[in-house]
Structures are given as structure tokens and as C-alpha cells.
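Welcome! Below is a short tour of one protein model, a few residues and helices at a time. Please keep the structure open as you read.

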Amino acid sequence: MKSIDSQNSPACIPEAASSAPGFLGNPRLRELFRWCLPALIVGALLRIAVTMDMPYGYTQYDSADYLTTTRAFIKEHRLHIHSKRSFLTPVLFSLPFLLPVPALLVIPAAQHGMGLIGILITGAIVRLWFTHWKLFVIPATLLVGASPMIIWYEHTLLGEAQYLFFSLLVAYAATVWVKRPSWGTFAFFLASLVLVTGTRLEGKLYFCVALALIPFVLWGRWRAMLVHALVAAGLMAGGFAASGGRDGSPLLLATILHLAPDHFQSAPELEPYLIPLRDELRRSYPEYPAELVETSKKLTKAADQCFKDIGTGEKKDREKRQGKALRAVCLEILSAHPCEVLELPFLKFRLAVDAWSAYCWNEHYLHQRQAEALTQKEWMAPVLSKGLTGKKQTPEELAEWVKAHFDVQRIQWFTDYQTLWNNAGLYCRTPDRPAAQERWVHDFFGGVPGGLRTVPGWPFFYPLALLGMAAAILRWRNLGCLHLMWAGCMMGIWYAAMMVGVTNGRFRFAYEPFCLLYFLLLLDILWDAGRSLRKPQLPLSPVL
């Protein structure tokens, strides 16, 4: 296959990695490394500082979902993936338990290493996307490498850091394939898609980028187009089969329940169980969605009681009918109020736009909540404590171990750094306004003056990033098809996550670095346009 656009393209990773001397001797890779060196130095120093002040990784409440795989491997010698998680991250978190070093030392170190490699991938993306890449590669890589939110997730037993890393890899691999289409670059692209699929459930939707790009890249080569599409579709189907089957309908219904009608046409049996919850929400939270986690639990409990009262067979059958009925109610509400429902993700984003996209290592979360996370499951201490900390401990001993090994005062500088970073992003925004109802944001940190009693203005950063996406698409001859598919798919995944998820800044974490790239890309395109306008026009030749 011939290259679509090989100008300004660095060596492809698979080709460069085929031999170490070739990798080290490639002038484009050496050039990329030099331009990324400031960000690598700053990123490494920040990660070393965090590790020195908090050597052990942070265990968050959701970490137990990933560690169920480790428990099943150690206790039952089988592979088990939690229904809320995909397959790769739980497996990667289990591997350090085979080593003599505590997993709470190995996992954050490995994720920090991935973060440093992610700086290089970011630089490579800038090298490929930008016309004047040397003007923007240092600020882009510095902002990604120094982000305290990224560093926070790297030091925590969650899948977000890996999801971001493999998302960057997908964007780079897709660009390489579009510029230099071959079976090798396509295999690299598909491998990156499999990896991102294994980190978060929504990652499998990135296969849509490959399926949408194939006609643009291979137009006219019908047999090759068909083969590529079949391979990509097969891997996508495998990704869906290997990923968890989490049902998000209770959380979605918690968001839109206030719009429910008085009578359910789709699932009338649920009506007497759900209408009281709807009325309670309307009374307590008339303006904005709130208490979504608690409401989703109440909905699940009410629906479960409904089908128990009906008496519909075994538990699995009840759960299947229950999920189907809740999804039917969601669709009924959507069909009755399409505009209101489809606007809710934007409202939820606005309500949490001033919240940190990561969490906080303050006294409450570093000590109390982490001790709860390490002891919430009865199997955590007896099965995993030795692998996690290097010593088998009881739940009480684990709680004391947390207090002894995590010093809030030593890591306070990082919390202050997160505050400054978040405030800088919020500085340029539209005016705030008083909240008609106190905002509800899940695990809220940071914020505008006035806190949850104020609705924050729109930071200019996000609409400018959208303009950058649009400008990149309109510049069609320079990777426009790639940006159409990549930005469109990314924004669609983000939108779906906001629709189904709680009101939380965490959902924008993995997409903000790409917003940064598109914000800078807008400046690059405007710079290019300005230079074109300043070029002197040649006089027209006289007509003979």
C-alpha cells in the first residue's frame, strides 16, 4: 500500500522496535526524544517526588473490582473478571503478586513508567498532526507530563491511567496507519485497539474508528477493504465478548427518572414501585440530577422486589427480566422527552466542570477511606494483604498499616499542586451564577468560589478544543478523515459515559489530554492560516 501522506511522519513503532540498533539509530526518533526531553525530565521528577513521599500505591474503593481477579487466581486458580471491568487491567494488576516485591510498590512504579512513555507518544502525535510541530511539542508534552491528575491515577489502583495510555497509543497507531497504510501498521493499530478495549468497557467502541477509516484509506481496493473490515469487526466482536457485561440501566434511569410518566406503557409492573421514587426525586431535587448512586441502588432494590413479588422463577431469570424492564422504561422516557434526556449529559458535565478529574489525598481519603477500601471485602486481608504490602495482616492490622505508611503532611504539596492546576484551567470562563438547587457532584474536590451553591461558568478551554476538532476536520487534506473519525468517536464515548454515569469530573479525565491537543492544534492551524494571508501575492500575468 502506498503512503497517503508520509511527509513529517516519524518511524512507525513496529518498524522501529524490530531491532534495538535500528531504534536507537533512527534520526527521527532521536529528534522526537530531544524535543520531549524537557517534559520527560519534569514528569520524572514529579513522579519520583510523589513516590518518595508516598512509596505505596493508593487503594481506592473501586480497586476491589480489579482485585477480584487476583483473589480468584490466588484462591481458586482460575481466571475471573468482574462484570464492571474489562479484562486487561485486572490481569496486569495480578502479575505483581507473582513477584517478591509488594504489589503496592510495583503497580504505581509500572504505571508511572507508562506515563513517561505516554509523554513520548504525545510528542509523536504532535509530530504527526501539527504543521508547526516544533512550536507546540514542548508545551503539549509538558502539560501532559506534569498533569497532577494523570500522576494521581498512575499512583492509584484504578484503570484510568492505563486507559489514557492506550488511548494515546490508539490515536498514534491510527495516524501511522492512515499516513503509511500497510498490513504491519494496520496490525499495530488493531493491537492498540485490543489493549484499550482491555482497560475500560467503553474502550471497545474505539473499534468504530478503524471500521470508519477503512473506506477512506482503502477506497478503490475493494478486496483489501473487505478483508480489513472483517478482521476489525471480528476483533471488535471478540472485545465485546471478553469485556464485562455491566448493565448501566439503573444509573441511567436514576438520571432521567424525574421525567418518567405517571403510567409506564413498556413495563407497567414497575409502575407502583418506581413512581414513589420519582416523586421523591422531584420534591428533593427539582432542578438538577442528584444522589445518582443512592437512587440507582433504590431503583435496583425496587425492581428486584417487584419481580420477587411477581414470582418469575430463578434469580437469574428475575435479573434478566429486571434489566430488560429497566431498559424499556429508559427508552420510553427517551422517546417521550428526547430533548430533555439528550441535554442531560451537558448539564451533568456543567455541574461537575469545576471538580477535579482526579480525587484527593487528604486526611479523610488517604486514611479513613483507604482503610475501608482495603478491608471492605472479607477476602482482602486474608488473601491479598501479603501480596499487597509484603506481610500477611488482619483487617485491623491493615488499617493500622495505612496510618503508619501514608503521611498526609508529606504529600500535602501534591494536593496544593492539584488545586493550582484545577484553578488555572477554570480561570478563563463565562460568569458563574447562583445555583437554583445545591449541586450534587460525586466525590467533589476543588471548585469555584461558592462551591456547590454556585453553578460554574463554561471554561473557554472546552469550546476552543471543539473548534480545534472542527478546524482539523475541515483541513481535510491533512488527516481530516482521521480527525473526523477519531474526534467523533471520542466525543461520542465521552457523551455516553456522561449520560450513564454519575455527575463526576472523573469521566472527563482520559479525554482532557486530547482536548489539550486539539486546543493547541487550533492555534497551529490559525498560525498556518495567518502565515498564508501574510504571503505576498504574485502579480497576475498580462493576458496576451
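## A threonine and its neighbours

Let us begin with threonine 503, which touches Pro289, Leu292, Lys348, Leu351, Ala352, Trp440, Val441 and His442, leaving aside residues up to four places away in sequence; contact here means heavy atoms within 4.5 Å. Threonine 503 sits in the loop between α23 (480-500) and α24 (512-534). Helices (H or I, at least four residues) and strands (E, at least two) are DSSP runs, numbered from the N terminus. With a relative accessible area of 0%, threonine 503 is buried. Buried means under 20% relative accessible area, exposed means over 50%, and partly exposed lies in between (1.4 Å probe, protein chains only).

A word on the model: it is predicted, and local features need pLDDT of at least 70, side-chain atom pairs count only at pLDDT 80 or more, and totals for chains, interfaces and linings use all residues. Residues are numbered from 1 along each chain as its sequence is written, and side-chain values use heavy atoms, with hydrogens and water left out.

## Aromatic pairs

How many aromatic pairs does the structure hold? There are 36 aromatic pairs. In one of them, the rings of tryptophan 183 and phenylalanine 186 have centres 6.1 Å apart and planes at 80 degrees, so this pair is edge-to-face. For the terms: rings of Phe, Tyr and Trp (its six-membered ring) pair if their centres lie within 6.5 Å, and planes under 30 degrees apart count as stacked, over 60 as edge-to-face and the rest as tilted. Tryptophan 183 and phenylalanine 186 are three residues apart in helix α10 (residues 183-197), so about one helical turn separates them. Tryptophan 183 is partly exposed at 46% relative accessibility, whereas phenylalanine 186 is buried at 1%.

Tyrosine 417 and tryptophan 421 also form an edge-to-face pair, with 6.0 Å from centre to centre and 80 degrees between the planes. They are four residues apart in helix α21 (residues 412-426), so they too are separated by about one helical turn. Tryptophan 421 is partly exposed, its relative accessible area being 27%.

## Charges over rings

Which ring does arginine 71 lie over? Arginine 71 lies over the face of tryptophan 379, 5.8 Å from the ring centre. Lysine 204 lies over the face of phenylalanine 240, at 5.1 Å from the ring centre. A charge sits over a ring if NZ of Lys or CZ of Arg is within 6 Å of the ring centre and within 35 degrees of the ring normal.

## Two packed helices

Helix α3 (residues 27-53) packs with helix α7 (residues 133-145) at an angle of about 20 degrees, and their axes are 8 Å apart. Axes are lines fitted to C-alpha atoms, for helices over the stretch in contact, and angles run from 0 to 180 degrees between N-to-C directions. The two helices are therefore roughly parallel, a term for angles under 35 degrees. On the α3 side, the contact includes Glu31, Trp35 and Cys36, and on the α7 side it includes Trp133, Lys134 and Val137.

## Positive phi in two loops

Aspartate 443 is not a glycine, yet it has a positive phi of about 50 degrees. Aspartate 443 lies in the loop between β1 (433-434) and β2 (454-455), and it is buried at 15% relative accessible area.

Leucine 479 is another residue other than glycine with a positive phi, near 65 degrees. Leucine 479 is found in the loop between α22 (461-474) and α23, and it counts as buried at 5% relative accessibility.

Methods. Angles under 35 degrees count as roughly parallel, over 145 as roughly antiparallel, 65 to 115 as roughly perpendicular and the rest as oblique.
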